[in-house]
Amino acid sequence: MAKRLWTATEGAPVTTTPISTPAHLLEDLEPVVAENLDRHLALAQEWHPHDYVPWSEGRDFAFLGGEDYAPEQSRLSSTAKAAMFTNLLTEDNLPSYHREIATRFGRDGAWGTWVGRWTAEENRHGVALRDYLVVTRGVDPVELERARMDYMTSGYDSGDKTALEAVAYVSFQELATRVSHRNTGKVTGDPIADKLLARIAKDENLHMVFYRNIVAAALDIAPDATMRAIADEVIGFEMPGATMAGFRRNSIIIAKAGIYDLRLHHDEVLMPVLRHWGVFERDGLGAEGEQARDDLARFLEALDTQATRFVERRAETRARVAANADQEKAARLAADIAT
Ligand SMILES: [Fe+2]
Ligand SMILES: [Fe+2]
C-alpha cells in the first residue's frame, strides 16, 4: 500500500511504496533475536519500583478521610508536571503497544519470549512513575486517571506497518523515550525523580539496542526493503502519545524546556542509530534502496535546518523573557526605593 509522507524539504507530501517484508525474514532473523534476547537478559539488572518512591510522604485522600489533591501540594514545576504526565501516559498505553508488536513479531520462539519480556519491563515503568506521582502528589491524580482512561480506551494504532517498519520504528522510539525520560529527570529538581527516570532511561536504552541490532541484521539480509523501512519510519516518525489529551500543548512545553525537541531528535536519536547501521556508507543497495537512502538524506538535511531554526527562535524567546524579568525586577526595586 502506498504511503503519503510529509517531507520537511518540500513541505509537500510524497508518495512512497514500502517494499513488503521479504518472505521468511522473521524466521531468518530468529537466531539474531535469540542471541540478542540472551544478551539482553544477561545485561538487564533487576530493579524495583518501590525503591524509588518516598512512601513516608504519602497520605490519604478525601475518600479515606484525608485531603484531596491541590496544585500547591506538588513540588514539580509546570514543565516537569507536563513532562511526567506525558511520559507516564505514554507508558500506560502498553496493552496497545503489546498488541502492535505481538501481531507483527508473533508469539513463538525467541520473538515471542522477547515480546513477553519487553512487555513486563515496560509495565514496570508505568507502575514506578504512577506510584511516585501519586505518593508525592506530583500531579492531579483525578486528571491523570481520566486521561489514562481516555488514552487507553482509544488505544494506539501504528497503522499498517510491516514487521520491518515496526522494528525500525521502535529502534528510534525507544531511544526517543530514553532521551525524554532522562531530560525529564533533570528538570524535576527532585533527586528521587531524577534517579527513577534515569533508571527507566537505562531500560529504554537496552530496548533500543535490542531493536537496533535486529535492524542491523535485517539490513544484511534484505538491504533494499530495510533501507526503505528505515527511511519511511524516519520521515513519518511520530511519538506514540500523539493521540493523548493535551499532547500538543505538552509537547510544546517539553520542546521549549529542551526535554525533547527537533535538535535532540536529530542529534541524539536519529543520527546515532543511523550511524550505527552505517546507513550512508553501505554498499550493495539496489535502485530501490538507493532511492530510499536519498529520500532519507534529503529529509535529514531539512530536519537539521528546521532544528537550527527552532533552537535559534527558542534562544531569542528565552532572552526576551529574561530581559522582561530583569526590567520588572528593576522597576520593583525602583518602586521600593521610592516608597
Ligand atoms: Fe518504557
Ligand atoms: Fe522501552
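Predicted model: local features only at pLDDT ≥ 70, side-chain atom pairs only at ≥ 80, totals over all residues.

Reader: What makes helix 8 and helix 11 roughly parallel to each other?

Author: The axes of helix 8 (residues 223-235) and helix 11 (residues 287-338) cross at roughly 20 degrees, coming within 8 Å. Angles under 35 degrees count as roughly parallel, and helix 8 and helix 11 are therefore given that description. On the side of helix 8 the contact is made by residues including Pro223, Met227, Arg228 and Val234, and on the side of helix 11 by residues including Glu288, Ala292, Arg293 and Phe299. Divided by class, the contact of helix 8 with helix 11 has nine nonpolar, one polar and five charged residues.

Reader: Why are helix 4 and helix 7 called roughly antiparallel?

Author: For helix 4 (residues 109-135) and helix 7 (residues 191-221), the axes cross at roughly 165 degrees and come within 11 Å. The cut-off for roughly antiparallel is an angle over 145, so helix 4 and helix 7 are described in that way. Their crossing, with helix 4 passing helix 7, is left-handed. The contact is made by Trp118, Glu121, His125, Ala128 and Tyr132 from helix 4, together with Ala193, Leu196, Ile200, Asp203 and His207 from helix 7. By class this contact of helix 4 with helix 7 has six nonpolar, two polar and two charged residues.

Reader: What makes helix 2 oblique to helix 9?

Author: The axes of helix 2 (residues 78-92) and helix 9 (residues 247-256) come within 9 Å, and the angle at which they cross is roughly 125 degrees. Roughly perpendicular covers 65 to 115 and roughly antiparallel begins over 145, with the rest counted as oblique, so helix 2 is oblique to helix 9. The contact is made by Thr79, Ala82, Ala83, Phe85 and Thr86 of helix 2 with Phe247, Asn250, Ile253 and Ile254 of helix 9. The residues in this contact of helix 2 with helix 9 are six nonpolar, three polar and no charged. Helix 2 passes helix 9 in a left-handed crossing.

Reader: How do you know that the span of helix 6 agrees with what its number of residues should give?

Author: Helix 6 (residues 163-188) has 26 residues, which at 1.5 Å a residue should span 38 Å, and its end C-alpha atoms lie 37 Å apart, so the two values agree. Helix 6 is also mostly covered, with 25 of its 26 residues buried. Just after helix 6 comes Gly189, which takes a positive phi of about 70 degrees.

Reader: Why does Arg137 count as buried?

Author: Arg137 has 22 C-beta neighbours inside 10 Å, and a residue is buried if that number is 20 or more, so Arg137 counts as buried. Its place is in the loop between helix 4 and helix 5 (141-154), and Arg137 has a positive phi of about 55 degrees although it is not a glycine.

Reader: How do you know that Asp38, Thr153 and Lys329 count as exposed?

Author: Asp38, placed in helix 1 (residues 25-43), has 11 C-beta neighbours inside 10 Å and so counts as exposed. Thr153, placed in helix 5, has 7 C-beta neighbours inside 10 Å and is therefore exposed. Lys329, found in helix 11, has 10 other C-beta atoms within 10 Å, so Lys329 is exposed as well.

Note on methods: Residues numbered from 1 in each chain as written. Chains lettered and ligands numbered in written order. Axes fitted to C-alpha atoms, helices over the stretch in contact; angles between N-to-C directions. Helix = DSSP H or I, 4+ residues; strand = E, 2+ residues; numbered from the N terminus. Left-handed = near helix turned anticlockwise from the far one by under 90°. Contact = placed C-beta atoms within 7 Å. Nonpolar A, V, L, I, M, F, W, Y, C, P; charged D, E, K, R; others polar. Expected span 1.5 Å × (residues − 1). Buried ≥ 20, exposed ≤ 12 C-beta atoms within 10 Å, placed from the backbone.
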